[in-house]
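Subject: Structure for you to look at

Hello,

Here is the structure I promised to hand over. Please open it and keep it beside this email as you read.

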Amino acid sequence: MLNTDLHNRNIRAEKRMSLSDFYRNNKNYGKDISKGKDLPLDFLETIYRSIREHPILSFDASPEGEMTADRWRALLKEADEDEDYALMVLHGPGREGGR
């Protein structure tokens with residue numbers, strides 16, 4: 001959702017998610033995921049800045065650069081079948097297209 005919020009041209013700049021919004025929305029996922037503790041701000045800030053500076057793009061994205069429903073289903077299936085892939089898809093300079 002952050003990727004869409006930051007990079008969708010239909011969202012006005014003043015409505016885009018700020019770092020503080022992202023932190024508030026993602027700091028604690030309960031006892032099963034974050035053991036009831038807040039995730040470290042620097043960890044969430046790193047994710048936020050990475051997505052802000054390097055939009056997540058799919059090699060099967062639509063011409064408008066948006067994730068297609070078929071591509072999303074394929075990514076979920078691949079993540080379900082490959083534990084390493086499920087952990088994180090790295091992106092950034094020189095890593096376009098995922099892996």
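This is a predicted model: local features need pLDDT of at least 70, side-chain atom pairs count only at pLDDT 80 or more; totals for chains, interfaces and linings use all residues.

**The core**

The largest nonpolar core has seven residues. They are Leu 2, Leu 6, Met 17, Phe 22, Leu 44, Tyr 48 and Ile 51. H4 gives the most, with three residues.

Take a look at Met 17. Setting aside residues up to four places away in sequence, Met 17 touches Leu 2, Asp 5, Leu 6, Phe 22, Asn 25 and Tyr 48.

**A residue in H1**

Now find Asn 3, which lies in helix H1. Is Asn 3 buried or exposed? Its relative accessible area is 18%. The cut-off for buried is under 20%, so Asn 3 counts as buried. Beyond its neighbours within four places in sequence, Asn 3 is in contact with Asn 8, Ile 51, Pro 55 and Ile 56.

**Two helices that cross**

Packed helices are described by the angle and the distance between their axes. The axes of helix H2 (residues 19-26) and H4 come within 10 Å and cross at roughly 125 degrees. H2 is therefore oblique to H4. The crossing is right-handed.

Which residues make the contact? From H2 come Leu 19, Phe 22, Tyr 23 and Asn 26. From H4 come Leu 41, Leu 44, Glu 45, Ile 47, Tyr 48 and Arg 49. Seven of the contact residues are nonpolar, one is polar and two are charged.

Best wishes

Terms used: Residues are numbered from 1 along each chain as its sequence is written. Side-chain values use heavy atoms; hydrogens and water are left out. A nonpolar core is a set of buried Ala, Val, Leu, Ile, Met, Phe, Trp, Tyr and Cys residues joined through side-chain atoms within 4.5 Å. Buried means under 20% relative accessible area, exposed over 50%, partly exposed in between (1.4 Å probe, protein chains only). Helices (H or I, at least four residues) and strands (E, at least two) are DSSP runs, numbered from the N terminus. Contact means heavy atoms within 4.5 Å. Axes are lines fitted to C-alpha atoms, for helices over the stretch in contact, and angles run from 0 to 180 degrees between N-to-C directions. Angles under 35 degrees count as roughly parallel, over 145 as roughly antiparallel, 65 to 115 as roughly perpendicular and the rest as oblique. A crossing is left-handed if the near helix is turned anticlockwise from the far one by less than a right angle, and right-handed if clockwise. Ala, Val, Leu, Ile, Met, Phe, Trp, Tyr, Cys and Pro count as nonpolar, Asp, Glu, Lys and Arg as charged, and the others, Gly among them, as polar.
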